[in-house]
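Student: Could you go through the pockets of this model with me?

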Amino acid sequence: MPVKNRFAELHTDITAWRRDLHEHPEILFETHRTSATVADKLRAFGCDEVVEGVGRTGVVGVIKGRETASGKIIGLRADMDALPIHEQTGLEYASKTDGAMHACGHDGHTAMLLGAAQYLAETRNFDGTVVVIFQPAEEGGGGAKVMCDDGLMERWGIQEVYGMHNWPGMAPGSFAIRSGPFFAATDLLDIEIEGKGGHAAKPNETVDTTVIASQIVGALQTIAARNADPIGNIVVSITSFETSSKAYNVIPQRVHLKGTVRTMSLELRDLADKRVNEICTGIASAMGGEARVTYHRNYPVMVNHDEQTEFAAKVARDISGDCDEAPLVMGGEDFAFMLEERPGAYILVGNGDTASVHHPLYNFNDDVIPAGCSWWAGIVEQRMPIA
């Protein structure tokens, strides 16, 4: 099954949808225009059911096949939200919203799933039901969990679920996937350090929070270097160091550290949680201060299921001729919550030699559209063939 001819015919339309979404980015759950646009198109395609407001601003469309005797129900998910980044591409369809940009390609994901939905509603060449899922708030809001908590899987009886993400650096329209742990758990750190502020000329009369915090920043690196199994996958990064004073001659009373921990297993996640607390409180106490740690467990490890991964790779090979083994990714993906609820798989589709995601010069490659649409359609038609 190569790229479907219908998607070549629809390419211009889908590109126009994508660029319209790109011009009007919306962040987290504020995808009101995007969600309305998606719902309107799904109704125009003739979906059997279109429901808005799932997980606050998510949209669900239901398309029944020519036959439904198989009883199979498959979910296909695309994310809709943008990032709080000021676009610098200079494109004629660049963001019209200051400080918001589709810098991760969710506009492309949404447009490709809309294209697949139009094709599936036209042809209905499958035995079963497909549920197209348009999710808000992937970028830090946990929209997948919110939709699941709102009864997504149970309400529509979804049995398997599949997702896709574009990937700069891979040839346009090529695919890569891996079974098992794929994207990392993405936990967040807030560390409040309390000491005794005072004049910088009299450090002996203070408990210097900047020194305590500096020691903590360095010591946290021993979690990966000396506590975790060397063949494990873990990253501990402190990304913000903010003092309660901005003066040159004041030792601050407080320091607030922020950071992130990325792990590929529950064991490493538990280890990191334990050691972050021990290191921070131990160092602060030894130096006369106090540290309060908030270790927020954010997105879990995204784990592809073996059978569904093998099937997803087969569909990709039918389209592009090959499907590579994807690397482990220490970035996070809230599709993990959906894969905790139902078996499924998540695949990467090449975006070409473009700027990386989350960069102000990034742009989704519209040449990828036919391959991405064909993969989603192939998942449905090959998983639920008409006898």
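Student: Which element gives the most to the lining of the second largest pocket?
Tutor: In this predicted model, α10 gives the most to that lining, with three residues. A pocket is an open set of points on a 1 Å grid over the protein atoms alone where a 1.4 Å probe fits, with protein on both sides within 12 Å along at least five of seven lines, and lining residues have an atom within 4 Å of a point. Helices are DSSP runs (H or I, at least four residues), as are strands (E, at least two).

Student: OK, switching over, how much space lies in the largest pocket?
Tutor: The largest pocket holds about 540 Å³ of space. Its lining has 27 residues, and those closest to the centre are Glu139, Arg262, Gly331, Gly332 and His358. The elements that contribute two or more residues to this lining are β5 (160–168), β8 (185–194), β12 (254–263) and β13 (290–299).

Student: What do I need to know about the numbering and the cut-offs?
Tutor: Residues are numbered from 1 along each chain as its sequence is written. Local features need pLDDT of at least 70 and side-chain atom pairs count only at pLDDT 80 or more, whereas totals for chains, interfaces and linings use all residues.

Notes. Side-chain values use heavy atoms; hydrogens and water are left out. Grid points are joined across faces, edges and corners, and a volume is the space filled by probe spheres set on the points.
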